[in-house]
Amino acid sequence: MGTSGPFSELEYLILAMVGEGVNSGYAMRKAMNRMRGGRWSAESGSVYRVLRRLERDNLVTEVRKVGVPNRERTEYELTSQGEGVLHSWLTFPPDRHEMAYLVDPIRTRGYFLGRLKPAEQARVVKTWIQESKQFCADLERDLAATAFGEPLRDVAYSNLLYLAQARHDWLKKVLSVVKAGGSVKEMAVAEEA
């Protein structure tokens with residue numbers, strides 16, 4: 001049976017978690033809630049919908065039900081086909097479309113910052129900088145407190161901190177453009193040059 005692919009990042013995440021032994025929807029939701037970054041829905045409907053699709057595509061299979069009747073937890077494991085799909089996902093680089101998927105609500109607001117008066121622009125950007133500074137400090141503390149104890153997983157997870165710090169540096173640049181009386185559009189053109 002072939003897969004219905006292509007798969008979303010959430011579907012690959014769940015496939016990888018099954019491969020790592022996080023094998024029930026409940027355990028996956030718990031692990032996803034621990035992760036930072038906000039890209040994935042840890043709602044039970046999302047997780048179980050993905051598990052059903054992966055099972056339908058013969059990538060995972062139900063291996064057992066554990067717990068008390070009417071409150072049983074279904075556990076899954078990867079099939080050989082699921083192992084192959086997971087291996088391909090891990091070994092092939094993401095395409096540029098995937099790499100371009102960098103969601104940032106501050107950047108989105110920044111596109112329209114020119115709608116505000118100059119004094120208000122500066123005030124708003126300064127507020128963003130303060131929030132960003134606090135977010136970076138909180139994230140650094142959270143990452144230290146929730147370290148996995150696995151060097152590769154810890155360094156992958158620290159990507160959030162690097163992205164947050166880069167955004168903080170970018171916000172300082174936005175403030176300098178605002179103070180100079182330039183527009184966010186002019187800043188984008190200057191960065192491209």
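Trainee: How many helices and strands are there in the protein?
Mentor: Keep in mind that this is a predicted model, where local features need pLDDT of at least 70, side-chain atom pairs count only at pLDDT 80 or more, and totals for chains, interfaces and linings use all residues. Residues are numbered from 1 along each chain as its sequence is written, and side-chain values use heavy atoms, with hydrogens and water left out. Helices (H or I, at least four residues) and strands (E, at least two) are DSSP runs, numbered from the N terminus. From that end the elements run α-α-α-β-β-α-α-α-α-α-α-α, and the count is 10 helices and 2 strands.

Trainee: What share of the 193 residues counts as buried?
Mentor: Buried means under 20% relative accessible area, exposed over 50%, and partly exposed in between (1.4 Å probe, protein chains only). By that cut-off, the share of buried residues in the protein is 32%.

Trainee: Is A31 buried or partly exposed?
Mentor: You'll find A31 in helix α2, which covers residues 25-34. Its relative accessibility is 23%. Since buried needs a value under 20%, A31 counts as partly exposed.

Trainee: Which residues is Q121 in contact with, leaving aside its neighbours within four places in sequence?
Mentor: Q121 is in helix α7 (residues 118-145), and it is buried because its relative accessible area is 10%. Contact here means heavy atoms within 4.5 Å. With those neighbours set aside, the partners of Q121 are L113, G114, L116 and V178.

Trainee: How far is the backbone oxygen of L116 from a polar atom of the Q121 side chain?
Mentor: A polar contact is a pair of N or O atoms within 3.5 Å; within protein, one must be able to donate a hydrogen and the other to accept it, and residues adjacent in sequence count only if both atoms are side-chain atoms. For L116 and Q121, the distance is 2.9 Å.
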